[in-house]
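Hi everyone, thanks for coming. I'd like to walk you through one structure today, so please have a look at it while I talk.

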Amino acid sequence: MKKYDEIKKVVYSHGSKDPFTFKYYDPDEVIMGKPMREHLKFALSYWHTIDAEGVDMFGSGTMDKSFGLAADPLAMYRKKAEFAFELMDKLQIDYYCFHDVDIAPEGRTVAESMKYFGEMVDYLAVLQKKHGKKLLWNTANNFGDKKFMAGAATSPNADVFAVAAAKVKAGIDAALKLGADGYVFWGGREGYDTLLNTDMALELDNLGRFMRMSRDYARSEGFKGAFYLEPKPKEPTKHQYDFDAATCMNFIRTYGLEGDFKLNIEANHATLAGHTFQHELRVARVNGGFGSIDANQGDYLLGWDTDQFPTNVYETMMCMYEVLKAGGFTTGGLNFDAKTRRQSNTFEDILLAYIAGMDTFALGLRFAVKLIEDGRIDDFVKERYASYSSGIGKKIVEGRTDLKELYDYAMGLEKIEVASGRQEYLESVINEIMFG
Ligand code: XUL
Ligand code: CO
């Protein structure tokens, strides 16, 4: 197998046995009026790809991403940034995403960390221009440091709330400087482990205040992008307030954040919440909250957030079906919040993992288009609800009836038959579309 440095650019070569080619992703191929790269809007996740070294609960890293510069953290982070942009070039990826702590070394004080962060943001601006790349979204890591052990915006300590707010302010300033399309809030520690020590009402209101202040600051500075809440039910906190898409939409409405806030739906978070990926996307879509996607997959036998590169075509197909039905991405895209397995510990594995993920989504897009063009599923659903297009059903959906009229109507009914849901047939249609 070729070495990482020998691979200059991964290109589309359907049927090829060369592992460093795309078999299904042809970035410039036009499908439904748009090139694949615009349908899919792939993004590289800085934390998993540039920083993570394969550490787990039981063992140390299996991969070294210090580039021999561990003794000089600023030089190391500059090298990491250069590596990130070269990697995006190789993979033909146009976007990237990062947390503040991913791109710059930690200082001894909050102020020193801010200084390093500012320097690295300036450097990313230079690299973005040089390589023609864009920032899909950035975020603040308000969960890793020990001061966030009881939450950030939901911490019982107001000083922690203030530090978290300062980090978001710096993040929004960076988003403006780098022209980001979005800004993400994922509340890994915003929740509780026991109600015995928790004032839930105050914590939720503070979280709402935090989001409103962030939005107001960003808008006043001219940020036009989207804000995203990222639902996840648990891990690291036992119960996270941003449990799932429905909970997040309720939060958005309760605190008057509609229009500004949408959702960043992650496949593995959906399954942790006991939902399918498609369910979470559908909830987002029908509630006006469809925004962006963290593309990965979990392991059905492991109960935690394994953040694997997606290879399940059935899931990416139903995901892309929802994306197409939502009218495609606007500010959002497909961020690979995914890491190579601990045993896949070479730089070649990073390329192979992204190729697998991108091809899986390319197949998902191709099949989703076929599913829509085929029309059998959409027609079936339409037909199933046909009783709402005329008569009493039409009156119900148009709000032109009431319980009294419905009572009289029901009294006149003799035989009521609900048509078959035909689940097995519909599942076989999906197989036909995928396998011919
Ligand atoms: C954690 C997770 C985060 C967010 C950004 O499970 O998904 O990486 O995407 O903070
Ligand atoms: Co994520």
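**A walk through the model**

Let me begin with Lys 41, which sits in the loop between helix H1 (36-40) and strand S3 (42-45). Please keep in mind that this is a predicted model. Lys 41 has a positive phi, near 40°, and it is a residue other than glycine. Is Lys 41 buried or exposed? Lys 41 is buried, with a relative accessible area of 8%.

There is another residue of this kind, Arg 422, with a positive phi of about 55° although it is not a glycine. You'll find Arg 422 in the loop between helix H15 (403-411) and helix H16 (423-435). Arg 422 is partly exposed, and its relative accessible area is 47%.

Now to the metal. Which residues are the protein donors of the cobalt ion, ligand 2? They are Glu 230 and Glu 266, each through OE, and Asp 294 and Asp 337, each through OD. These donors lie 1.9 to 2.2 Å from the cobalt ion. The site has six donor atoms, the angles among them run from 79 to 169°, and the geometry is octahedral. If you like to think in sequence patterns, the spacing of the donors along the chain is E-x35-E-x27-D-x42-D.

Where do the two glutamates come from? Glu 230 is in the loop between strand S8 (226-229) and strand S9 (239-240), while Glu 266 belongs to strand S10 (residues 261-266), so this pair ties together parts that are 36 residues apart in sequence. Both Glu 230 and Glu 266 are buried.

Next comes ligand 1. What surrounds ligand 1? The shell is made up of Trp 47, His 99, Trp 186, Glu 230, Lys 232, Glu 266, His 269, Asp 294, Asp 305 and Asp 337.

Let's look at some of the contacts. An oxygen atom of ligand 1 lies 2.7 Å from a polar side-chain atom of Asp 337. For Asp 294, a polar side-chain atom is 2.9 Å from an oxygen atom of the ligand. With Trp 47, the distance from an N or O atom of the side chain to an oxygen atom of ligand 1 is 3.4 Å. Taken alone, ligand 1 exposes 290 Å², and the protein buries 93% of that.

Let me go back to the loop between S8 and S9, where we also find Glu 235 and Pro 236. What kind of peptide bond joins Glu 235 and Pro 236? A cis one, with omega at about 10°. Glu 235 is partly exposed, at a relative accessible area of 29%. To give you a sense of distance, the C-alpha atoms of Glu 235 and Lys 382 are separated by 39 Å, and these residues are 147 residues apart along the chain.

One last stop is Ser 292, in strand S11 (residues 290-294). Ser 292 has a relative accessibility of 1%, and because buried means under 20%, Ser 292 counts as buried. What does the side chain of Ser 292 reach? The side chain of Ser 292 reaches the backbone nitrogen of Gly 333, at 3.0 Å.

That's my tour, and I'm happy to take questions.

Conventions
Residues numbered from 1 in each chain as written. Chains lettered and ligands numbered in written order. Predicted model: local features only at pLDDT ≥ 70, side-chain atom pairs only at ≥ 80, totals over all residues. Heavy atoms only, no water. Donors = N, O, S within 2.8 Å, 3.2 Å for Na, K, Ca; no water. Tetrahedral: all angles 85-135°; square planar, octahedral: opposite > 155°, others 65-115°. Helix = DSSP H or I, 4+ residues; strand = E, 2+ residues; numbered from the N terminus. Buried < 20%, exposed > 50% of the residue type's maximum accessible area, 1.4 Å probe, protein only. Near = heavy atom within 4 Å. Polar contact = N/O pair within 3.5 Å; in protein donor to acceptor, adjacent residues only side chain to side chain. Areas by Shrake-Rupley, 256 points an atom, 1.4 Å probe, with all protein chains shown as cover.
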